[in-house]
Amino acid sequence: MKGFQGRIGVVTGAASGLGRAIAMALAAAGAKLLLIDRDEAALREVAARCTGAVAAAADVSDAARMEWAAAQGLRQLGPATMLVTAAGMLGPTMPAVDAPEADWDRVFAVNVKGTWLATKCFVPQMRQAGGGAIVTLASAAGLTGSAQLQAYSATKGAVVMFSRSLALAHGPEGIRVNCLCPGSIETPMLAATFDAAGDASARAARVEAFQARYPLRRFGRPEEVADAALFLLSDKASFLTGVCLPVDGGRLA
């Protein structure tokens, strides 16, 4: 996809998985990027592949560090007009009633508070620039329940409703907000979901059960989610806001 030359964007969670794929696709399309992730080594490797990118190591749940990252991007690139909130974590894979409080708090801090902090830091820059586009990353698990991933599902449901609320609040300012809800995508997070099943036999059974849910009979690729993100950020989606788009191979059909 073309049309991103000269545009400035931010991708959180850019060091791996969907964030990495979206960052690489935006850079290839000509965008200048501020890349944020707490894994500094992996982040710098991705930044090296994205021409003109600025790497800012930060935990998205840390307000002071996110404000620092936003200031770095503004100083080196200018005000951002695009934001992708791809930072996220799986959280406890046990029943919610058995989950340790610290684990519950941590997954909400990263997935929900991290999304909020990113918008808090970069919406002012979009106002300064006269508008922009935000793509949040939720999940198909935010649109339906998950017996295996109860905490994760709860956080992603929160991201869905937060995104819709942002669209209503900031549409009059020329800021569009849409949400991607991927199904099972071939990322390290999906592998961790399967690894949590237990031994090799249990893992294989979980893989088979997950795959059977998809009419296309396969898992998605990160590049397929990146393509959807770039569409929602582009001028081709100029009349789309408040959309929560499943990229799920028909899982929720």
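## Helices around the largest pocket

The lining of the largest pocket draws at least two residues from each of α1 (17–28), α4 (101–129), α5 (150–170) and α6 (188–195), where helices (H or I, at least four residues) and strands (E, at least two) are DSSP runs numbered from the N terminus. The model is a predicted one, in which local features need pLDDT of at least 70 and side-chain atom pairs count only at pLDDT 80 or more, while totals for chains, interfaces and linings use all residues. Residues are numbered from 1 along each chain as its sequence is written, and side-chain values use heavy atoms, with hydrogens and water left out.

The space in this largest pocket comes to about 990 Å³. Of the 46 residues that line the largest pocket, those closest to its centre are Gly 88, Met 89, Leu 90, Tyr 152 and Met 189. The helix that gives the most to this lining is α6, with five residues. By class, the lining of the largest pocket holds 24 nonpolar, 14 polar and eight charged residues; here Ala, Val, Leu, Ile, Met, Phe, Trp, Tyr, Cys and Pro count as nonpolar, Asp, Glu, Lys and Arg as charged, and the others, Gly among them, as polar.

On a 1 Å grid over the protein atoms alone, a pocket is an open set of points with protein on both sides within 12 Å along at least five of seven lines, a cavity is a set where a 1.4 Å probe fits but cannot get out, and lining residues have an atom within 4 Å of a point. Grid points are joined across faces, edges and corners, and a volume is the space filled by probe spheres set on the points.

## The largest cavity

A search of the whole structure finds one cavity of 30 Å³ or more, and the volume of the largest cavity is about 30 Å³. Its lining is formed by Ile 8, Gly 9, Val 10, Leu 34, Gly 73, Leu 74, Leu 77, Gly 78, Ala 80, Phe 122 and Gln 125.

The lining of the largest cavity divides into seven nonpolar and four polar residues, with no charged ones.

The axes of α4 and α5 come within 9 Å and cross at roughly 20°, the axes being lines fitted to C-alpha atoms, for helices over the stretch in contact, with angles that run from 0 to 180 degrees between N-to-C directions. That crossing makes α4 roughly parallel to α5, given that angles under 35 degrees count as roughly parallel, over 145 as roughly antiparallel, 65 to 115 as roughly perpendicular and the rest as oblique. Contact, meaning heavy atoms within 4.5 Å, joins residues including Trp 104, Phe 108 and Trp 116 in α4 to residues including Tyr 152, Phe 162 and His 170 in α5. By class, this contact has 13 nonpolar, five polar and two charged residues.

Helices α3 and α4 pack at an angle of about 30°, with their axes 9 Å apart, and α3 is therefore roughly parallel to α4. Ala 63, Met 66, Glu 67, Ala 70 and Leu 74 in α3 meet Leu 117, Ala 118, Cys 121, Phe 122, Gln 125 and Gln 128 in α4. The contact of α3 with α4 has eight nonpolar, two polar and one charged residues.

## Packing of α1 with α8

Helix α1 packs against helix α8 (residues 222–233) at an angle of about 55°, with their axes 8 Å apart, and α1 and α8 are therefore oblique to each other. In this contact, Leu 18, Ala 21, Ile 22, Ala 25 and Leu 26 of α1 meet Pro 222, Glu 223, Val 225, Ala 226, Ala 229, Leu 230 and Leu 233 of α8. The contact of α1 with α8 has 11 nonpolar residues, no polar ones and one charged residue.
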